[in-house]
Amino acid sequence: MNEDPQLWKYVYRSSYKTIVKRVASNPNEACYIDVNGDTALHHLVQHRLKKRKQSQSYPIEAIKAVYSAFPEAAKLRNRKGGSTPLHIASYCASTEVVTYLLQVFPGAAVMG
């Protein structure tokens, strides 16, 4: 069984600054797709407000870094509901994240 890349461990811990650094040094880890068809981008966009301290900003820089390393992730549907990162973000992410995903891949808005 394959172990999740180090990047994913930072994603699970909500270590946003570390995610940006890790993607810069190991961009290939952003391309990892888990058994559910999720990428790091899928997971990052679903970090809800309750996971964050109020003083932290939303992980937009981490999302941008992961997207830059693996733009194809914005188009990928997971196996759990067939959702793209935009579909997930529309339920639980900030307006800033949804707007960013629409800018980088507007086609996801019409994927049904």
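Contact is taken here to mean heavy atoms within 4.5 Å. In the predicted model, this criterion identifies the elements that cover the buried residues of helix α6, which include α3 (40–45), α4 (60–69) and α5.

The buried residues of α6 are V97, V98, Y100 and L101. Because they span an arc of only 160 degrees around the axis, these residues lie on the same side of α6. The exposed residues T95 and Q103 are carried by the face of α6 that is turned away from its buried side. In general, an α-helix has 3.6 residues a turn, so residues three or four places apart point the same way.

Helix α5 (residues 85–92) packs against helix α6 (residues 95–104) at an angle of about 160 degrees, and the two axes are 9 Å apart. The angle makes α5 roughly antiparallel to α6, angles over 145 degrees being assigned to that class. The crossing in which α5 passes α6 is left-handed. On the α5 side the contact is formed by P85, L86, A89 and S90, and on the α6 side by V97, V98, L101 and L102. Classified by residue type, the contact of α5 with α6 comprises 7 nonpolar residues and 1 polar residue, with no charged residues.

A local backbone feature occurs elsewhere in the chain. S14, situated in the loop between α1 (6–12) and α2 (16–25), adopts a positive phi of about 60 degrees although it is not a glycine. The relative accessibility of S14 is 15%; S14 therefore counts as buried, the cut-off being under 20%.

Definitions and conventions. Residues are numbered from 1 along each chain as its sequence is written. This is a predicted model: local features need pLDDT of at least 70, side-chain atom pairs count only at pLDDT 80 or more; totals for chains, interfaces and linings use all residues. Side-chain values use heavy atoms; hydrogens and water are left out. Axes are lines fitted to C-alpha atoms, for helices over the stretch in contact, and angles run from 0 to 180 degrees between N-to-C directions. Helices (H or I, at least four residues) and strands (E, at least two) are DSSP runs, numbered from the N terminus. Angles under 35 degrees count as roughly parallel, over 145 as roughly antiparallel, 65 to 115 as roughly perpendicular and the rest as oblique. A crossing is left-handed if the near helix is turned anticlockwise from the far one by less than a right angle, and right-handed if clockwise. Ala, Val, Leu, Ile, Met, Phe, Trp, Tyr, Cys and Pro count as nonpolar, Asp, Glu, Lys and Arg as charged, and the others, Gly among them, as polar. Buried means under 20% relative accessible area, exposed over 50%, partly exposed in between (1.4 Å probe, protein chains only). The arc is that of the directions from the helix axis to the C-beta atoms.
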